[in-house]
Structures are given as C-alpha cells and as structure tokens.
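Reader: I would like to learn how to read salt bridges in a model. Please take me through them step by step.

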Amino acid sequence: MEYYRRFAAGEEIVEGDFGEFQKEMCVQISFFQHERLIHLIVTVLFAVLAVVSILVNLFIQELAVLALCLMFFVLLIPYIRHYYILENGVQRLYEYYDQIRDQYGPSTKSPIRANGSAGSGHIV
C-alpha cells in the first residue's frame, strides 16, 4: 500500500510501461477485494452465530451457552476491526489508482478488471 501511495503522491515515478503498472495495480486491488470478501463472510457468520447464541441463552440458561456467547463476541470485535481496515485499504487503493492515472494519463492498454478480463479501464 505504501508503494502505491508514493507513486500517487509523486514521490516516485513509474518507469517502463505504464499499462503494465496499471495491470499490476489492478491485480493487487483484486487481491484486496478478495480478502475483503472473505473477511466479510467470516464477520457476518460470527455476527449471526453471536445473535443465535444470545437467543439460545434466553431459552437455555446454562453457563456453557453464556460462555459460548461471550467467545463469539470476543472474536467478533477483532473481525469487525480487521474488516474495517481492509475496507479502508481498498478505498485508499482506489484513490491511489485514480491519482496515478490522472498523473500519467489514460493508458493505451486496457487494465485488467477485478474478474480477470480485459476491460474498459474501470475497476469493478
């Protein structure tokens, strides 16, 4: 991320083919998008399990069910924080991509879209 920030800030310049640089940056963005999706699924799963454990605790008032509920919440808070960090990182990469593209002009080659196909130059 710091690597792309330096290019967006103009601290470093893109050497070589700018189209290749754009493609590589789009691949990195797609990796972040995939990571974000996986963590969203895990976070939602833990949120659902936490709510279900609360409902189960209302009907079965056992210490073990309460401990399970607490464990889900202890895990849910770091998952939410990590997802927040990933989301902000992806948004920052979008901004860096736009800034770099504006600095160097549009590429003559189409960058790779997030789904892996050549596209119109827009990130999906």
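**Reading the salt bridges**

Author: Start with R36, which counts as buried at 17% relative accessibility, because the cut-off for buried is under 20%. Note that this is a predicted model.

Reader: Which side chain does R36 meet in a salt bridge?

Author: The general idea is that side chains of opposite charge can pair when their charged atoms come close. Here the side chain of R36 meets that of E87, at 3.0 Å from N to O. The pair links distant parts of the chain, 51 residues apart: R36 lies in helix 2 (residues 18-59) and E87 in helix 3 (residues 63-104). E87 is partly exposed, at 22% relative accessibility.

Reader: How many salt bridges does the count come to?

Author: The count comes to six. Among them is the one between E2 and R5, at 2.7 Å from N to O.

Reader: Where do E2 and R5 lie?

Author: Both are in helix 1 (residues 2-8), three residues apart, about one turn of the helix. E2 is partly exposed, with a relative accessible area of 42%, and R5 is also partly exposed, at 26%.

Reader: What separates R101 and D98 in helix 3?

Author: About one helical turn separates them, because they are three residues apart in that helix. Their side chains meet in a salt bridge of 3.3 Å, N to O. R101 counts as partly exposed at 26% relative accessibility, and D98 is partly exposed at 34%.

Reader: Which residues do salt bridges with shared partners join into one network?

Author: That network is made up of E2, R5 and E11.

Key:
Residues are numbered from 1 along each chain as its sequence is written. This is a predicted model: local features need pLDDT of at least 70, side-chain atom pairs count only at pLDDT 80 or more; totals for chains, interfaces and linings use all residues. Side-chain values use heavy atoms; hydrogens and water are left out. A salt bridge is a side-chain nitrogen of Lys or Arg within 4 Å of a carboxyl oxygen of Asp or Glu. Helices (H or I, at least four residues) and strands (E, at least two) are DSSP runs, numbered from the N terminus. Buried means under 20% relative accessible area, exposed over 50%, partly exposed in between (1.4 Å probe, protein chains only).
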